[in-house]
Each structure stands twice: as C-alpha cells, then as structure tokens.
Amino acid sequence: MSLKSGVDNPRSPLRRFLDRELSAGAKPLRESFRADRVLMPLPGVGTEAGTAGTAIDTRLRLAFTAARVQ
C-alpha cells in the first residue's frame, strides 16, 4: 500500500487519523505540536532526509500491514 492510496482511501487508518486530527482546523494542531517536546539530534549530528523518509515510510507500511492482518 502506498502513502497516496492510504490517503485516498476513506477507510484506511491513515485517512481516518488525518480526518480526525485535522478536521478542527490548524489552530488545535499547532497548539498540540507546540506543547509536545520535540527530540532533536545532538549538536554536530545531522539527519539524512532520505533515511528519515525511508524510516517513516517503512513504519507506516508496517502499521498498515499489521492493521490489515488483524
């Protein structure tokens, strides 16, 4: 399952999450984001955008696969 198909399908866990979290508008989302502590890499340690994207994509695929199997 691709990320796009997860967003396009109104019954997918991703789409249901996005609809639930974003339906109230941007203000509650911003407030929630600002209230959370964001972990950043230590000084001198960078993040490779491709590696981070691959990790996120793999985690989403695993979550969708696990949700489909149960």
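These are my notebook entries on one predicted protein model.

**Entry 1: ground rules**

I am working with a predicted model, in which local features need pLDDT of at least 70, side-chain atom pairs count only at pLDDT 80 or more, and totals for chains, interfaces and linings use all residues. Residues are numbered from 1 along each chain as its sequence is written, and side-chain values use heavy atoms, with hydrogens and water left out.

**Entry 2: confidence**

I looked up pLDDT, the predictor's confidence in each residue on a scale from 0 to 100. The protein chain has a mean of 75, and 73% of its residues reach 70 or more. Among the elements of the chain, H1 has the highest mean pLDDT, at 83. The lowest mean, 72, belongs to helix H3, residues 26-35.

**Entry 3: overall layout**

Next I went through the secondary structure. I found four helices and zero strands in the protein chain, in the order α-α-α-α along the sequence. Helices (H or I, at least four residues) and strands (E, at least two) are DSSP runs, numbered from the N terminus.

**Entry 4: surface**

How much of the protein chain is buried? I noted that buried residues make up 6% of its 70 residues. Buried means under 20% relative accessible area, exposed means over 50%, and partly exposed is in between, with a 1.4 Å probe and protein chains only. The chain exposes about 6200 Å², and carbon and sulfur atoms supply 61% of that area. Accessible areas come from the Shrake-Rupley method with a 1.4 Å probe; for residues, only the protein chains shown count as cover.

**Entry 5: salt bridges**

I then listed charged pairs and found three salt bridges in the structure. The term stands for a side-chain nitrogen of Lys or Arg within 4 Å of a carboxyl oxygen of Asp or Glu.

One of them joins Asp8 and Lys4, at 2.7 Å from N to O. The two residues sit four apart in helix H1 (residues 3-8), so about one helical turn separates them. Lys4 is exposed at 59% relative accessibility, while Asp8 is partly exposed at 47%.

Another pairs Asp19 with Arg15, whose closest N and O atoms are 3.1 Å apart. Both lie in helix H2 (residues 13-22), four residues apart, about one turn of the helix. Asp19 is partly exposed at 37% relative accessibility, and Arg15 is partly exposed with a relative accessible area of 26%.

In helix H4 (residues 49-69) I looked at Asp57 and Arg61, which are four residues apart and so separated by about one helical turn. Their side chains meet in a salt bridge at 2.8 Å, N to O. I have Asp57 as partly exposed at 28% relative accessibility and Arg61 as partly exposed at 39%.

**Entry 6: Ser12**

A polar atom of the Ser12 side chain lies 2.3 Å from the backbone oxygen of Gly6. The Ser12 side chain also reaches the backbone nitrogen of Arg15, at 3.1 Å. Arg15 had already come up as the salt-bridge partner of Asp19.

Which residues does Leu18 contact, leaving aside its neighbours within four places in sequence? I found Val7 and Ser23, where contact means heavy atoms within 4.5 Å. Leu18 is in helix H2 and is partly exposed at 28% relative accessibility. Its C-alpha atom is 8.3 Å from that of Val7, eleven residues away along the chain. For Asp19, twelve residues from Val7 along the chain, I noted a C-alpha separation of 9.8 Å.

Last, I looked up Ala63 in helix H4. Ala63 is partly exposed, at 33% relative accessibility. Ala63 and Leu14 are 49 residues apart along the chain, and I have their C-alpha atoms 9.5 Å apart.

Key: A polar contact is a pair of N or O atoms within 3.5 Å; within protein, one must be able to donate a hydrogen and the other to accept it, and residues adjacent in sequence count only if both atoms are side-chain atoms.
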